[in-house]
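Subject: Structure handover

Hello,

Here is the structure for your files. My notes on what was found follow below.

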Amino acid sequence: MATEHDYFGIVGDYWSEMIEYADQRVEVVLEVEDDDVPISALDAAAGLVGEIELVDDELRNTFVGQIDAKTSPVVAFLNVVLDPGLEQAEEIEAAIGRDSGDRQLDALRSMTLVRVDLRPELFGEGEGFAEFEYALAPEDTDERLIASIDPGREVIDVRFEG
């Protein structure tokens, strides 16, 4: 039996909507494998949609905190996208809309939040309840920085895909 929710409507296996904020268009996707998802999990997912801008800011601050770690996924992402020999170097340079003098920081602050995946079945502490996918010049590059958070908005994983 399908679950009905005030924000998402009838919850099937897939729901998607484009959200606009801060001059960005973000695809928000709700994926469920079980039609009997708890309403509390759906409420938490809806609340997260309403706070995307705040969570985005928190995640970017987390990324900035990982710049000093030589082996972090954030550093791996930055090493690839900021490589001057990269074929898309011009497009990436154009996408960096800030110039504070710290190129890595400017790149992190200039990333586009491309997509947010909500997974209400993973509603436990330490589980990947939501994934935030970032890119720099997303139309021109395949490199992505993805952060997974639990329902309490604690970062449980950051990974680089490219």
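A polar contact is a pair of N or O atoms within 3.5 Å, and within protein one of them must be able to donate a hydrogen and the other to accept it. The side chains of E133 and R144 are joined by such a contact, at 3.1 Å. Please keep in mind that this is a predicted model.

E133 is part of strand β6, which covers residues 130-135. Setting aside residues within four places in sequence, E133 is in contact with T112, L113, V114 and R115, and also with R144, L145 and I146.

Overall layout

The protein chain has 5 helices and 8 strands. Read from the N terminus, their order is β-β-β-β-α-α-α-α-α-β-β-β-β. Along the principal axes, the C-alpha atoms fill a box of roughly 55 × 25 × 25 Å. The radius of gyration of the protein chain is 17 Å; a compact globule of 162 residues would have one near 15 Å, so the two values agree. Of the contacts in the protein chain with a separation of 6 or more, 53% are between residues 24 or more positions apart.

Surface and core

The protein chain has an accessible surface of about 8,500 Å², and carbon and sulfur atoms account for 44% of that. Of the 162 residues, 43% are buried. In soluble globular proteins, nonpolar side chains tend to be buried together. Here the largest nonpolar core has 45 residues, and the members that touch the most others are F8, V28, L30, F63, L118, F132 and L145. Helix α1 (residues 39-50) gives this core its largest share, 6 residues.

Not counting residues up to four places away in sequence, F63 touches V74, L108, M111, Y134, L145, A147 and V158.

Aromatic pairs

The structure holds 6 aromatic pairs. In one of them, the ring centres of F8 and W15 are 4.8 Å apart and the planes stand at 85 degrees; planes over 60 degrees apart count as edge-to-face, so the F8 and W15 pair is edge-to-face.

Regards

Note on methods: Residues are numbered from 1 along each chain as its sequence is written. This is a predicted model: local features need pLDDT of at least 70, side-chain atom pairs count only at pLDDT 80 or more; totals for chains, interfaces and linings use all residues. Side-chain values use heavy atoms; hydrogens and water are left out. A nonpolar core is a set of buried Ala, Val, Leu, Ile, Met, Phe, Trp, Tyr and Cys residues joined through side-chain atoms within 4.5 Å. Buried means under 20% relative accessible area, exposed over 50%, partly exposed in between (1.4 Å probe, protein chains only). Helices (H or I, at least four residues) and strands (E, at least two) are DSSP runs, numbered from the N terminus. Contact means heavy atoms within 4.5 Å. Rings of Phe, Tyr and Trp (its six-membered ring) pair if their centres lie within 6.5 Å; planes under 30 degrees apart count as stacked, over 60 as edge-to-face and the rest as tilted. The radius of gyration is taken over C-alpha atoms; the globule rule is 2.2 Å times the number of residues to the power 0.38. Accessible areas come from the Shrake-Rupley method with a 1.4 Å probe; for residues, only the protein chains shown count as cover.
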